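Student: I would like a close look at one part of this model, with its surroundings brought in along the way. Please take your time and give the cut-offs as you go.

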Amino acid sequence: MSFTAAGVAEVERLGSQAMVDKLAATSPDIARLLVDVALGDVLGRPGLDARTRELLAVAMLGALGAEADFVAVHARAALDAGASAAELLEVVMQVVTFAGFPAALRAFAVVEKELALRHTTVPIPRSGRAV
């Protein structure tokens with residue numbers, strides 16, 4: 001199966017080739033939409049830098065309660081694009097406000113695991129205010 005160059009570049013940047021291969025084996029049309037449209041045409045747009053785009057992806061996927069693998073791909077990509085551990089954790093704090101604790105705690109577990117794989121841990125700073 002062939003994909004657009006822009007889509008392939010995003011798959012490589014995200015390190016998600018195994019996910020794409022698995023999807024393409026059973027649902028080639030969905031794989032094409034994911035790689036060519038969602039990744040190549042939308043995620044690869046030049047309007048935002050990769051760091052911002054990936055932090056937004058973590059926030060949105062976290063708010064949706066998305067599968068851990070998808071949150072992890074974008075958490076790694078955010079870190080690779082220069083986001084700090086503290087910024088990722090702050091994104092999870094924002095998820096609490098808009099999607100609630102269950103979604104935020106799922107996202108937190110994924111982010112915490114990704115940070116541990118990089119031997120990085122940063123506690124969420126306390127605001128001094130009641131939540």
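Which residues of helix 5 are buried?

Tutor: Happy to take you through it. A word on the ground rules: this is a predicted model, in which local features need pLDDT of at least 70 and side-chain atom pairs count only at pLDDT 80 or more, while totals for chains, interfaces and linings use all residues. Residues are numbered from 1 along each chain as its sequence is written, and side-chain values use heavy atoms, leaving out hydrogens and water.

The buried residues of helix 5 are Val 71, Ala 72, Val 73, His 74, Ala 75, Ala 77, Ala 78 and Leu 79. Here buried means under 20% relative accessible area, exposed means over 50%, and partly exposed is in between, with a 1.4 Å probe and protein chains only. Helices are DSSP runs (H or I, at least four residues), numbered from the N terminus. Helix 5 covers residues 68–80. Its 13 residues reach 18 Å from first C-alpha to last, close to the 18 Å expected at 1.5 Å a residue; that expected span is 1.5 Å times one less than the number of residues.

What do these buried residues pack against? Their partners are helix 1, helix 2, helix 3, helix 4, helix 6 and helix 7, where contact means heavy atoms within 4.5 Å.

With a relative accessible area of 12%, His 74 is buried. Not counting residues up to four places away in sequence, His 74 touches Leu 14, Leu 43, Glu 54, Ala 57, Val 58 and Leu 61. Ser 16 counts as buried because its relative accessibility is 6%.

His 74 also brings us to the largest pocket. Met 19, Leu 34, Leu 39, Phe 70 and His 74 lie nearest its centre, among 24 lining residues. A pocket is an open set of points on a 1 Å grid over the protein atoms alone where a 1.4 Å probe fits, with protein on both sides within 12 Å along at least five of seven lines; lining residues have an atom within 4 Å of a point. The largest pocket holds about 620 Å³ of space, a volume being the space filled by probe spheres set on grid points joined across faces, edges and corners. Helix 2 (17–26), helix 3 (28–43), helix 4 (50–64) and helix 5 each give at least two residues to this lining, and helix 4 has the largest share, with 6 residues. By type, the lining has 18 nonpolar, 2 polar and 4 charged residues; Ala, Val, Leu, Ile, Met, Phe, Trp, Tyr, Cys and Pro count as nonpolar, Asp, Glu, Lys and Arg as charged, and the others, Gly among them, as polar.

Now for a charged residue of helix 5. Asp 80 forms a salt bridge with Arg 118, the closest N and O atoms being 2.7 Å apart. The pair links distant parts of the chain, since Asp 80 is in helix 5 and Arg 118 is in the segment after helix 7 (101–117), 38 residues apart. Asp 80 is exposed at 53% relative accessibility, while Arg 118 is partly exposed at 34%. A salt bridge is a side-chain nitrogen of Lys or Arg within 4 Å of a carboxyl oxygen of Asp or Glu, and the whole structure has 5 of them.

Another of these bridges joins the side chains of Arg 13 and Glu 10 at 2.7 Å, N to O. The two are separated by about one helical turn, because they sit 3 residues apart in helix 1 (residues 5–14). Arg 13 is partly exposed at 29%, whereas Glu 10 is buried at 11%.

Two backbone details remain. Just after helix 5, Gly 82 has a positive phi of about 110°. His 119 has a positive phi of about 55° although it is not a glycine; His 119 lies in the segment after helix 7 and is exposed at 76% relative accessibility.
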